[in-house]
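Please look over the sequence and the model before turning to the grouped points.

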Amino acid sequence: LLFRSTTGFTPLSSYTDISPWSGCNCQDTLPSLFIEAMAQNPVLPNLIYVINRECWRSADGGTSWTMYATGDSSVHNSVSISPTNTNMIYISNGTVIRKSLDSGFTWLPINVPDSIQGRIKEIRVDPSDQDKLWVVCAGYLNGAKVYEAQKNGGEYYFIWVNKSAGLPNVPILNIEFQTGSVPAIYIGTDIGVYLYTS
């Protein structure tokens, strides 16, 4: 479930259930006990996205929702909005990565290396480059943990570079960026956090 508070959860009961299936009049909505991932537009805070089997979009902070087909009936586990072009959104179901150029109305898949299909844990758009993705992988395939993908030759084709050197053979759970004068990337694993600087 997804809850919203406008008072910082003070008191703790000051929240509203804004889950898409709690009153959404969308057709073919598939309820779920879990929100797999959500993202908030970095420029328009009331514009939020929630993904599970489908992708839901709300322009009013979760009061009302519109559901969009993504071309796949499996559960999606990651969503990322480009900070420099908020119409550009990526979602993944662990095997396929889909890209939208129109704020979630339509989706098309991008190319993904065979070595990471089925193991994609999280995708993030680089905060300084809308045409660059970072992808982290779960599982225990040694040397296949973190990838950088740069758009090349069209909106849906990327050149992939393995950035896994120095990481242990454990699942990678998430990725976060540090921006500013000293940019860096933090990788969260089952056994600790690792820092990457280029």
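The largest nonpolar core has 17 residues, and those with the most contacts inside it are Tyr 90, Ile 97, Ile 110, Ile 116 and Trp 160. A nonpolar core is a set of buried Ala, Val, Leu, Ile, Met, Phe, Trp, Tyr and Cys residues joined through side-chain atoms within 4.5 Å, where buried means under 20% relative accessible area with a 1.4 Å probe, protein chains only. The model is predicted: local features need pLDDT of at least 70 and side-chain atom pairs pLDDT 80 or more, while totals for chains, interfaces and linings use all residues. Residues are numbered from 1 along each chain as its sequence is written, and side-chain values use heavy atoms, leaving out hydrogens and water.

- Ile 110 touches Tyr 90, Ile 97, Lys 99, Leu 133, Tyr 156, Phe 158 and Trp 160, not counting residues up to four places away in sequence; contact means heavy atoms within 4.5 Å.
- A second, separate core of 12 residues includes Ala 39, Cys 55, Ile 81 and Ile 89.

- Strands in the order 11-12-13-14 form an open sheet with antiparallel pairing; two strands pair if DSSP finds at least two bridges between them.
- Strand 11 (120–125) and strand 14 (158–162) are the edge strands, each pairing on one side only.
- Strand 13 (residues 146–151) is joined to strand 14 by five bridges, and Lys 151 stands opposite Phe 158 in strand 14.

- Another open sheet has three strands in the order 15-16-17, paired antiparallel.
- Strand 15 (172–178) and strand 17 (193–196) each have a single partner strand, so one side of each is left without a neighbour in the sheet.
- Four bridges link strand 16 (residues 184–189) to strand 17, and Ile 187 has Tyr 194 as its bridge partner in strand 17.

**Largest pocket**
- The largest pocket is lined by 19 residues, of which Ala 39, Val 79, Ser 80, Ile 81 and Arg 124 lie nearest its centre. On a 1 Å grid over the protein atoms alone, a pocket is an open set of points where a 1.4 Å probe fits, with protein on both sides within 12 Å along at least five of seven lines; lining residues have an atom within 4 Å of a point.
- Strand 11 gives the most to this lining, with five residues.

Notes: Helices (H or I, at least four residues) and strands (E, at least two) are DSSP runs, numbered from the N terminus. Buried means under 20% relative accessible area, exposed over 50%, partly exposed in between (1.4 Å probe, protein chains only).
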